[in-house]
Amino acid sequence: MKPTEDVLAKRRARVAKRWELADEVVVLRAGEPAGWSGTDQHFAFLPHPDVAYLAAVGSPGTTLAFDAAAGEWELFGPRFTPERLVWEQPPTPVGQPLDELEVWLEQRSDRAVIELGAGATMPEVLPPPATSEDGEAQDPVNAVLRLSAAIALERMTKDDAELDDIRQAAAASTAGFEWVYQHAAPGMTEREIQVGMEAQFYAAGAPRVAYDSIVASGPHGAYLHYVYAGDDPLRPATRTVEAGDLLLIDAGAQFGGYASDVTRTMVVGADPTDEQEFLWKLVLSAQQQTIDMCRPGMVWKEVHLAAARILGAGLVEMGLLRGDPVELVTQGAVALFFPHGLGHLLGLSVHDITSVPYSREPSDDPLLSRLGPNRLLEPGMVTTVEPGIYFIDALLGDPARREKFAESVVWDRVDELRDFGGIRIEDDVLVTDGDPEVLTAAIGKPIRIG
């Protein structure tokens, strides 16, 4: 549901309190569509998430301004000329006409102006807020970092309006995955399955997908972001699914600007092999155990490492690794098969709030380099939980890695499974004051379809 003016006012008040400004002026811009000159085409437009969070509008050009001295916010929205209205439908008028923004700023020309939103840049890991003992103003770069981070900290926990949109996105995703379970079969191409699934997203009310859908069959499941045929973005993924293939689908609908993010892996048209069944149940067990850990006060890094240890123990039991699972995690052997983070925050972006101060320390550890925000979990956070096991040829065929892990990896056994693909199971989880709530729980987890 669209947030009420009261909800938006509370969001803005919390952000302004975090900013602790004196008389500065802040301008947050939603951005403009990007495209190619002379082609009459643009990329699909999404407003900067900070503007969407604080204004709940998505028209290009929309700008939110804050006068710290007066403690007042002002919204400016575009108005179309008659000539432009020949080609485009008008945006819903919001706030003052965008043309009046310059006049508003001119009236405050003696004050420092900090530009945020579209066009503002922010590194992945921010420094601590810059402070000055003599009271001098921070330099503009540090001001941008500090204020953007303050909005991010507010966006980390979701209010009821945001959760309602995420739940509706999850409901639309449920419709798509149910179509897959009922219709996907050997002989269909990856593209046919993608189109059928996404059609149900839209039919269920989603205006768009949250990201490019991954529909990967057989060995393609080993590519974490498999989307196109080969490396050509003009050619969709068209491999024909064969009986007995693993089919990994990572997809989600978007609603109200908020994303869902779901992965299911299943065997198509045949009973799973022993290896498929063992690894599928191993990944599911790791997911179930780590979802239960998503509680207030838990450090995300510990949840991630717990998943890695569970997966490592299973790989030892299967005869792919040898040694103590804890040591195998520490030395990086498990990361050969589980090379990504356990999950990420979800919201107005699929990978939401990735640039929060103190979110994580940079790491060269292959298991921790993509950990995601290493923070204490708090009620209201929504995170994905997505353990996986993959047989990635680029890692398993690398001579340096084969030498490094000669004692830890049973290479002969691993080589028998080099075309296995991958298994990932992912849900969207709300951290509450009690038990975690799986927002995508309605989406079944069959081990076999077709």
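Guide: Arg 448 counts as partly exposed, because its relative accessibility is 35% (with a 1.4 Å probe and protein chains only, buried means under 20% relative accessible area, exposed over 50%, and partly exposed in between). A quick caveat: this is a predicted model, so local features need pLDDT of at least 70 and side-chain atom pairs count only at pLDDT 80 or more, while totals for chains, interfaces and linings use all residues. Residues are numbered from 1 along each chain as its sequence is written, and side-chain values use heavy atoms, with hydrogens and water left out.

Now, the partner: Arg 448 pairs with Asp 271 in a salt bridge, with 2.8 Å between the closest N and O atoms (a side-chain nitrogen of Lys or Arg within 4 Å of a carboxyl oxygen of Asp or Glu). Arg 448 sits in strand E19 (residues 448-449) and Asp 271 in the loop between strand E13 (262-268) and helix H8 (274-291), so the bridge ties together parts 177 residues apart in sequence. Those labels are DSSP runs numbered from the N terminus: helices are H or I with at least four residues, strands E with at least two. Asp 271 is exposed, at 58% relative accessible area.

Glu 277 is partly exposed at 29%, and so is Lys 281 at 46%. Across the whole structure, a search finds 27 salt bridges.
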